[in-house]
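Q: I have a new model open and would like to learn how to read it. Could you walk me through a few features, starting with the ligand?

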Amino acid sequence: MTAMNEKNEMIPNKIYLSEDEMPKQYYNVRADMKVKPAPLLNPGTHKPMTKEDLLPVFCSELVDQELDDETPYFDIPEKVQELYRTYRPSPLVRAYRLEEALGTPAHIYYKFEGNNTSGSHKLNSAVPQAYYAKKQGLKGVTTETGAGQWGTALSMACSFMDLDCKVFMVKVSYEQKPFRREVMRTYGASVTPSPSETTEVGRRILAAHPGTTGSLGCAISEAVEVATSSEGYRYVLGSVLNQVLLHQSVIGLETKTALDKYGIKPDIIIGCAGGGSNLGGLIAPFMGQKLRGEEDYRFIAVEPASCPSFTRGKYMYDFCDTGMVCPLAKMYTLGHDFIPSPNHAGGLRFHGMSSILSELYHQGLMEARSYEQTNVFKAAEFFARTEGILPAPESSHAIRGAIDEALKCKESGEEKNILFGLTGTGYFDLVAYQQFNDGTMTDYIPTDEDLAAGFASIPQFPGNELR
Ligand SMILES: *Cc1c(COP(=O)(O)O)cnc(C)c1O
């Protein structure tokens, strides 16, 4: 099954770009935002973080990118472009078989970022972050990883750049996903389950919550402590930060070039949202057009009902980490003490959200919705059976959103173009697939009381009162 565009060209199953059509610059959507995302605050003084404040934690050029709300384009270093060419451009796929199985008049496209060994889009930011660390003459970097995709991507990027890589892996994942750990170790990283006895903050968290299975927030605190107390090390983060959304703009820029080639304009753009990096990257150039008043699109963020930052969170300043060693970010947050229920298998477990996306959502430029995990896995199964790709549970939130929009088109008879981000593959999530296949997967939606406990951990100071 194939379709024609208005110029009577056949729209291929996969729209590939050539290597020289790949972006040579990242796009910074903040440059086109009239109301900028709120700045990071120093937790001690509640004053905006300066470059000097951030230099002990992050690499210098990454700090510049983090703080720059004005420059619309940043050159992608030649070395980074070279490494991108080892696994990019990624295909933009027309989901002909999915459309047919749904019986929808909608046209569905997905940008597939799972075609590299780390299995997700995270390599797009790991490569430049490792590059800037090397350029600065550092020995190594530290980080946290939840499900393991970021740690895997970073260890791969560090092996390319000959940098040491220390990964703090959320304990529950360390135990449930031993294979991920071995991939990281093969690339040369050291992997420590978090919370651990190796850091002060880890010991403090273990004393307060004995037997905890960990959270991304704890692992971040540990990684930051090690980076700031070890000579020649800095901390790197795989999501949430402005710099990460900047790097991930390669997803949206490639998508836009591919769609423009065939004269296709998406009506709805959908992505899953954990910390917001893939969604922020996918929508960046399209959101830029919307902000400049050139085009209009609907943007939809999809999150798990068990970790509903956008749909039930508060738009306030909060810590990005449980140990409260990181700066304060203004974002939709469930409170830095919020830990999703352990039966939640589908990733996207972070309590907060990118400040850029939070501000865009706050301004009504983007929508958000949440789904329960069994419903998400039903979409994953349907997608695997029609399109063949075994999707990551995180990505499957976007699939659920796209399928639901396509079914609405079936009712209304509208021939909309739906674009979604397929961020990765699910080969390391087979325990979750097993639960789904065995019918033992359960759903958990936090009660208002559960959420209130998390909200109570949000710091209160003038201008940041819980209402
Ligand atoms: C990390 C991850 C996500 C969520 O992170 P964002 O920063 O929200 O993009 C989604 N999908 C996959 C496959 C991931 O590895």
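Q: What should I keep in mind about the model itself?

A: This is a predicted model, where local features need pLDDT of at least 70 and side-chain atom pairs count only at pLDDT 80 or more, while totals for chains, interfaces and linings use all residues. Residues are numbered from 1 along each chain as its sequence is written, and side-chain values use heavy atoms, leaving out hydrogens and water.

Q: Which residues come nearest to the ligand?

A: Being near a molecule or strand takes one heavy atom within 4 Å of it. Of the 17 residues around the ligand, Lys122, Ser239, Ser277, Asn278 and Thr423 come nearest. The shell divides into four nonpolar, 11 polar and two charged residues.

Q: How do I read strand pairing, and what is the order of the strands in the open sheet of seven?

A: Strands (E, at least two residues) and helices (H or I, at least four) are DSSP runs, numbered from the N terminus. Two strands pair if DSSP finds at least two bridges between them. The open sheet runs S3-S6-S7-S17-S12-S13-S16, with mixed pairing. Its edge strands, S3 (14-15) and S16 (367-371), each pair on one side only. Inside this order, S12 (residues 268-272) and S17 (residues 417-422) pair in the parallel sense over three bridges, and Ile270 has Phe420 in S17 as its bridge partner.

Q: Is Ser90 buried or exposed?

A: Buried means under 20% relative accessible area, exposed over 50%, and partly exposed in between (1.4 Å probe, protein chains only). Ser90 is buried, at 5%. You will find Ser90 in the loop between helix H3 (78-84) and strand S6 (92-94). Its side chain makes a polar contact of 2.8 Å with the side chain of Glu113.

Notes. Nonpolar A, V, L, I, M, F, W, Y, C, P; charged D, E, K, R; others polar. Polar contact = N/O pair within 3.5 Å; in protein donor to acceptor, adjacent residues only side chain to side chain.
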